[in-house]
Structures are given as structure tokens and as C-alpha cells.
Amino acid sequence: MKRIIFYLILLVSYASAGQLSPTVAKYNLPKKRLLIQACSMYLFNANQGAIDVDSSVVLACKAYKLPVALAYDEGFNNGSYLIGKDLMEKGNINSVIKLLAKTKGENRIKLSLQLGNFYLFKPGTKPEDLQNAKTYIDDAVRTSNQLKDKKWQHQSLLLLGKYYYQANNQSEGKKIFSSIIAEYRKQNDQLKLAEALDAYGTLLFNQDPEKEKLLQETVSIYASLGLEEKRIENYMKITTIYFWTGKINDAKKRLYKNLVDLRKIGFTHQQFAETTIVFIELAQRNIPTALYYALKSIKRMEAERDYTFGDIFYMRLGDVYNHYGHHEEALQLYKKSIEIGQHTFDTGTWYKSFFSSVAAISLKGKTKEALEYIHFMTTKYPPKSTFDKMSVAYITANCYDQLGNFVQAEKYFKETYQYSQQINSPETFREVMHQNTVIALFYIKTKRPKEAKFYTDQVIASLKPHDIRYSSEALKLLLYKTDSINGDYKTALEHYKEYNRISDSLHGVNKNRQIDELKIQYETKNKEQEIKLLNQESNLKEVALKKSKMLNSVSIWSLVLLLITVGLLYNRYRLKQRNNVKLELKEKEISKANADLRHLLDEKEWLLKEIHHRVKNNLQTVISLLNSQSAYLENDMALSAIKNSQHRIHSMSLIHQKLYNSENISTINMPNYIKELVEYLRESFSLGQRIRFEVKVDPLELDVAQAVPLGLILNEAITNSIKYAFPNDRTGMIYITLEAKDEKQYVLTISDNGIGFDPNLNDKKANSFGMSLIRGLSDDIDGNLTMENNNGTILKIEFAQEFPLNPKRKSI
């Protein structure tokens, strides 16, 4: 059943693929550009350089049905009419080139810039594309110089600077950007200066310190100009710098701040920041927080029915479950991720879900099954990139290592190392470091110090040229073991302390015992040296005592007085400092408690809504089952009973639907509920205009405990009126009112202008199931039920807003 529902969801997502989703359609031009940048930045970083920046942009635009040009034409496309824009969006480049030949002046510059952008930022780096880009950029520069128009001269030169960076001629590109930036500074044109700094800073490598400096200035200028979307975009670029240069805590703080900024401007696509937070919190063992944001991103995706990048978010939630030890649930989520990734846009994530699936299977104790799964998947879907080939070899080696087959494990570890030598980028640095570290630990475990030293040297050598803060549990463990083997117990002790600080897998007596062993080894080796130092210290003290006797009494008392004064001052300072520390700790505790309470409140509200959603779905399932059952019945009385049951169930299902969709999860808006219930019954009986309804309901909010019985009473009374008040297809009216007599006393009236009821009904008729149900439900809400004939049937129930527990239910 779950599988059928999942494919129905996919079908819905495909059906809506031809149009913008409502959340994207509501965005203005700056927010659409921000969406492209946020999505493409995430895709590039998540794929660790496996796809280039321009391919990430194309994928993001394709996913959200936005023109690729929006990512690059900001300087000359402000949303108004732009010559050739429609042709560019349709991909009719030949028509644009023909139009260029007939165009002059400013329009020619605009067309040349669009063509230059098109060829310059095409995915890949084909020489002919770069040559075409240069041709049209030169045309834009030439035409703008002829017009002597500063604006278009600068726009053309900015694109030319970008061209030189794409063509790996950074020195020429830097000259152009430096010249434009200097001129804008001289003119004090803040907007143009920010655009130039933004363009230049974006092109620099993350490890270049100049990049952060340029982007920080860009953020400040955009903030002063009130351009929030551009400020947030550049803020995200700096966050990326921190992430890839190892400033993880700084990156995490900025991601949380980014979520706040996005909410303030009404930007709902926050899931890319949320899933990155999950990745960081998971790496730092903050599993509850990781789970919260993983569930939040899934909820956001399902609420918007946008499964375009569902593979990313299901994989991330699977990672959290895997860390929690729920390997079976994690495996199901990884399989979901793989299915979505294979049937929508291939972001590269689903192949990582395959790697994680192997880990989940192995952690369940089924390592042989994990190896079979690797063989099945790599046969059906061979790895494409060098990074994926390296990862496949690595997970295979680990499986054989778990099984104790060290020969096969060594074979695949060597294959892992060979692939790692072909990868050299900051985005893959951590994985290569980790895998080489694990290989070195493998050789230490199998008592082959020569091979272990080779890989350890590789790891240490890799750390030096990279300006990246890297530290991991495995690395500290390797350094500790290596120093222990070499007899350097002091350094080994420091590494072991760091290993324990990072790792949460070693606890209690065992950890303390290992630390003590290292201390003993280190202290034993240095015992003689310490004795010598103590003897020297003793001699120095004797000399100091002899010298002190030579001081005169005046100097001694002066010193004593000075020390007392300093001591008193220091004591006061320390007292004040301790008080400040206590106040700060108390403030932090209060802030944390408030945050925890807010978090719990959000979770409980989400769970209550989820329960109502599940109940609504289950009731709809029961309705569907009754409908299916009715197809096999020929008895009219049985069919009527099933139909009546469906109506009753629907009245309850509608309550839960209202609660799930409402911000208030404890009360029901009665006007909306009664109108929808009446409309449902009108359609169910196909009344057309034969029987009309007049509904008058005061704006009331009732508790669900009262709303459910009232809904069932309405269903029974309206159904009786429809069936029996207007025989022989007579026309008529049914009147429904719910009004407040005073602050907490209400009256529900259902009446019609039909034939009325016979007061001489026999007991059997009077005690029919429908009437019994109405009477019982009236008792449940402690209501006073009356029925009368007055130009038709009038059913009236008076009840209070807050009613005592029914005595009948007390005995249950």
C-alpha cells in the first residue's frame, strides 16, 4: 500500500512538471534569482565538484522551470522588456544571431551580452563555446565604446572579466575587475560597486582570503541599500567558504542566521539550508537537532508536493536514523531516495544513498548481504565519476574487512587509494583524507607497520599544503597509534585525549585506563630527567633563601604591604568575576530552557496535526472500503445502510481535515464546517435545484468533543429531510441555523418545509437507528432535543459550550 501511495505522489509531481509551482510563481524577480543561487550552490557543494558550477545552475533552473539566463543577466535584465529574451528562453539561438545582424545601438549590446552569457556559461568547457563567447563579448565592448556609454562599457567589461577567468587567464581578468571596482569607488556608485565586487568575489577560489574580504564588503553595501535578496545570496557564499575551509562552527551559526533571514523576506525554500544543518549537526553528534531539521525539510517538501530533490532529503533523514541505530528505517529511506533520484532529476545524491544503504545493511549484521547488494547495484548502475568509483571500492573493502577477509579487503583498499590519487579538489579533500586514514589503520590492525607508515605519511603530507582545518576521530586515532608505535608517548597522549574528545564511542573505566597507561609509559621514560630537574630546583631555592636574608627590613615590610593591597584588590576582582560568571551561566540556562520549551511545543503541535491527518486518511480509507463493498451488494436496505455509514464517517473525517489544515488544532470553525458538510450531502444525493439549503451559522469556534456529535446529528437530520420530507420529487427548502443565545448557550435548528412527520408513528419507527443516534448524541453533549410539526419538521437542540461529563460515560 505504501509503495502504491509513493508512486501516486511521483505521478502527481510529474503531472505538475510543466508549470511553476505556486511557491515559485509567487516570487518576484529577485527571489527567483535567489532560489536559483541557493539551489545551485547546494547542488554544487553536495556533489563535491563532480558537476561544474554552470551545470548546477542549469539543473536548478530546469527543476524550478526558470530561464537559465536569470542566473547571469542581472546587470542588464531588470524584468522589463528585453530584446531577444523570448528567443533565448526558447533556445532559438540562430534567430537571435540573425536579429543581432539587423540591430544597432543599445539593443545590439543587449543581444551581444545575452549571446556572450549563453556561450560562456554553458555546462562544460568546450573551446568553441569559449570562442563564441569572446566574439559576442568583444562586439558588446566595441559597440558600447562607440556609444561612449559608461553603463554598457562596464557591463561589457564585467562579462569580459568573467570570460578571462573561465579561460584560465586570471591575471587579465583581475586587471579588468580591479579597474572597474576602482572607477566605481571613485564615482561612489554603491550599487554598481556591489555588483562588481559580487561578480569578482564569486569567481575566486574558496581558499583565496581575498574572496571572503570582497564578499563581506558586498554584503555590507547590499545591506545599506536594502537589497535583502542580494545580501542573503552573498552571505550564503561566505558560509560556503567557511564550510570548505573547515570553519564548521562558524558555517553552522551562519546557516541558522540564514534561516531567520529567509523567513523574514517570505522565502519558503529553506530546505537547502536545513539539510546542510542536518549534515553538520550529525557530524558533530547533535543527533536530536539533526533529526528535528531532517523531519522539518521532509515536512516542507511533502507540504509543497515538490519531490524534485526528494532524494536529498530522504537520504539525510536516513543518515539520522542510521546514527540512531534504526538501520531498517534508514534502509527504507535510502531506497526511497534511490527511487526518486532515478525517476526525477539525477543530482548525484541517490548514488550516495546506495553507499549509505550498504552501511545500513552491514550495521544490521548482514555484511554478506551488503556485498551482494554492492555487486547488484554496480552491475546495473556502474559508477560514472572517479569519486563514485573510489567510494565503491572503499565500501567493498570495509565489508571484506568486517568479514575478516583481509586479502580481499587489501585489494579494494589499494583500489581506493589509486582512485584517490586522481582526485585533487578542496571539495573531496575530507573523503580522501578519511579513506587513507582508514587504510593506514587497517595495516596497523593487521600488523604491517611498513605499509601503515606509507599511508600515514600520505595523510600527514596531505594536511600541509591545504589551508583547511581538518580533524576527525579516525585521524586522531591513527596519530595516537603511530606515536605509540614510535615510542613518542607524550604526543600519543595528546592525540589520544583529542581522540576521546571527538569520539563518543569510548566511555568510563576503559577510557581512563588507556589514558593512565599512556601517562605511565611517558612518566617512566622521563623519570630520570624529572629527578634531575627537581635537584636543580632545590639548589636554586637554597640560593634564593640566602639572598633573601640580605634584604633590609624596610624593603620586606614595604613588599608585604604591597602584596596585601594587591591581594585585597585581586580578591575583590575575583569575587566580582565569579558573580558575573554565575549570572552568565544562569542566563544561558534560562535561554536554553526557553529554547527547549519552544522546540517541544513545536514538536507537539506537529505531532497532533500528524495524528489528525492520519485519522482523516484512515476514515477516508474506511469510506473507500464501504464503497467497494457496496459494489457486491444487491439488497437495497444494505446499500442504504452502507451509504448512511459513509455519510456519518465523512462528517467525522471532515473534522479531522479541518484540524489538520488549521493553525488552531483544538477547535473547529463551525460556519466553514457546516457549509462543507451540507455541500457534500447535496452532491451525494444529486439534488440539483430540487431541494435548496439556507444555512445561517454564527461565527463560532467549538471544541472537537462537541463538533463531532453535532456533525453526526446534522448528517442524520439532513439525510432524513432529504429522504422523507419531499416525496414524489417535490421541491423544497431545508433550513440550518446555529446561533448563540448568550455567551455559552447555543441552539442548533434543522427544519424543512416538507410534509412533516406523523405524530402517530409506531414505536418501531420512532425508535429507528437515525433517531436513536440523534437522541444519544444529544445526550452526549448534554443537549435538550425537541421535535415539532410546523409547516414541516423542526428539530431543535439546545446545549452549552462547556458541558459536564455525561453520567452515562462515567460508568464506562
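I started at Thr 245, which sits in the loop between helix 13 (228-244) and helix 14 (248-264). Helices here are DSSP runs of H or I with at least four residues, strands are E runs of at least two, and both are numbered from the N terminus.

A note on the source: this is a predicted model, where local features need pLDDT of at least 70, side-chain atom pairs count only at pLDDT 80 or more, and totals for chains, interfaces and linings use all residues. Residues are numbered from 1 along each chain as its sequence is written, and side-chain values use heavy atoms, leaving out hydrogens and water.

Is Thr 245 buried or exposed? I found 10% relative accessibility, so Thr 245 counts as buried (under 20% relative accessible area; exposed is over 50%, partly exposed in between, with a 1.4 Å probe and protein chains only). A polar atom of its side chain lies 2.7 Å from the backbone oxygen of Ile 241.

Next I looked at helix 15 (residues 271-283) and helix 16 (residues 287-304), whose axes come within 8 Å and cross at roughly 155°. Axes are lines fitted to C-alpha atoms over the stretch in contact, with angles from 0 to 180 degrees between N-to-C directions. Helix 15 and helix 16 are therefore roughly antiparallel (over 145 degrees).

Last, I checked the whole protein chain: I noted 35 helices and seven strands, with buried residues making up 44% of the 812 residues.

Note on methods
Polar contact = N/O pair within 3.5 Å; in protein donor to acceptor, adjacent residues only side chain to side chain. Parallel < 35°, antiparallel > 145°, perpendicular 65-115°, else oblique.
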